[in-house]
Amino acid sequence: MTSQLRLAIVAAIAGLIALDASTAAGQWIEVRRSHYSVFYQPDVARDTAMIIRWADSSIALMHSKYGVTPDRYRLGIYLYPSPAAGVTVDDARIHCCSDSAGVDTGRIELLAPSAPAMQQSTAVSSLGVRKNSESYVAKILMSEYIPIGHYEVQRQRADGGWSYYDAPNWFVQGLQEFDAIFHSTTENRSTTSRRLMAWAKAHSDVFSCCSPDLSLRDDYNGGAAVLAFLAAEFGESVHQRILADSASTFAAALTDVTRPLSRRQLFARFQTWLNAQP
């Protein structure tokens, strides 16, 4: 038995065990697409069209913004009809990725938008987005799916370089949040983005520099605000350029793409920009 075949069998067994544990309430039905599948149960079938729309939008963003495609990845997107461990109104999760015969496989698990627990929820996000709205679902799915594009930019570097998850968490989570806010629904691009800027101005104390580098006490909203600043200052392609930079560390990559500014000068510009936001 080859090592690749052994890996494939192990992955298949692990997938079956996970499915057995998570389908006690019903049978998964699969809608298969080129790079992913949506798995749902009959009582949340109406959610599949929305999920496919935003999964396809994530793939389109990988191409238009990052110049990559998810050809070497395959994800299962599981829509839970009721809360489960790690899958609630407040939580979604991604397991990515395991190599199976040259394809990186994983799964995104989230509570289905039409699940009773979601529909009855009055919860809102830290930026005031209703968690039972399409804008929230689109933002969550985009933030969970778009990292594949980020991974692929780095995989295509000819000279190697720094690793995605070796970067500060504010960059990793902030870039995912930025893409999810600014490249999903009209409401997110307008209302949620304005709330992000208002949040950042009201929480300016979460940003600091330089001991020795940028430091944030909020990785999600804070990180997204810094990524919004970098896009405004250097063009949104700066995100792709940072990922593609072959420096050995994230800090060096950030320096490369923001030259000739020192880190202290960069932070001063960020503060000026933030104060100027309406």
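Biologist: Let's begin with a cysteine: is Cys-97 buried, partly exposed or exposed?

Modeller: Buried means under 20% relative accessible area, exposed over 50%, and partly exposed lies in between, using a 1.4 Å probe and protein chains only. Cys-97 has a relative accessible area of 30%, so the class is partly exposed.

Biologist: Before we go on, what kind of model is this?

Modeller: Residues are numbered from 1 along each chain as its sequence is written. Local features need pLDDT of at least 70 and side-chain atom pairs count only at pLDDT 80 or more, while totals for chains, interfaces and linings use all residues, and side-chain values use heavy atoms, with hydrogens and water left out, the model being predicted.

Biologist: Which cysteine forms a disulfide with Cys-97?

Modeller: A disulfide is a covalent bond between the sulfur atoms of two cysteines. Here the term is used for a pair of cysteine sulfur atoms within 2.5 Å. For Cys-97, the sulfur atoms of the pair are 1.4 Å apart, and the partner is Cys-96.

Biologist: How many disulfides are there in total?

Modeller: Besides the link already described, Cys-209 is joined to Cys-210, S to S 1.8 Å. That link is right-handed, with 95° about the S-S bond. If you number the bonded cysteines in sequence order, the pairing reads 1-2, 3-4. The count of disulfides is two.

Biologist: Why does Cys-210 count as buried?

Modeller: The cut-off for buried is under 20% relative accessible area. Cys-210 counts as buried because its relative accessibility is 16%.

Biologist: Which bonded cysteines does Arg-263 touch, leaving out residues up to four places away in sequence?

Modeller: Contact means heavy atoms within 4.5 Å. The residues touched by Arg-263 include Asp-213, Leu-214 and Ala-251. Also among them are Cys-209 and Cys-210.

Biologist: Which helix gives the most to the lining of the largest cavity?

Modeller: A cavity is a set of points on a 1 Å grid over the protein atoms alone, where a 1.4 Å probe fits but cannot get out, and lining residues have an atom within 4 Å of a point. Grid points are joined across faces, edges and corners, and the volume is the space filled by probe spheres set on the points. The structure holds one cavity of 30 Å³ or more, and the largest has about 50 Å³ of space. With three lining residues, the top contributor is α11.

Biologist: How many residues of that lining are nonpolar?

Modeller: Leu-214, Leu-216, Val-226, Phe-229, Leu-266, Phe-267 and Phe-270 line the largest cavity. Ala, Val, Leu, Ile, Met, Phe, Trp, Tyr, Cys and Pro count as nonpolar, Asp, Glu, Lys and Arg as charged, and the others, Gly among them, as polar. The lining has no polar and no charged residues, and its nonpolar count is seven.

Biologist: Which residue has its backbone nitrogen 2.8 Å from a polar atom of the Gln-154 side chain?

Modeller: Gln-154 is in helix α5 (residues 147-155) and is buried, with a relative accessible area of 10%. The backbone nitrogen belongs to Tyr-164.

Biologist: One last question: how far apart are the C-alpha atoms of Asp-104 and Arg-74?

Modeller: Asp-104 is in strand β5 (residues 103-111) and is buried, at 13% relative accessibility. Asp-104 and Arg-74 are 30 residues apart along the chain, and their C-alpha atoms are separated by 6.2 Å.

Terms used. Helices (H or I, at least four residues) and strands (E, at least two) are DSSP runs, numbered from the N terminus. A polar contact is a pair of N or O atoms within 3.5 Å; within protein, one must be able to donate a hydrogen and the other to accept it, and residues adjacent in sequence count only if both atoms are side-chain atoms. On a 1 Å grid over the protein atoms alone, a cavity is a set of points where a 1.4 Å probe fits but cannot get out, and a pocket is an open set with protein on both sides within 12 Å along at least five of seven lines; lining residues have an atom within 4 Å of a point.
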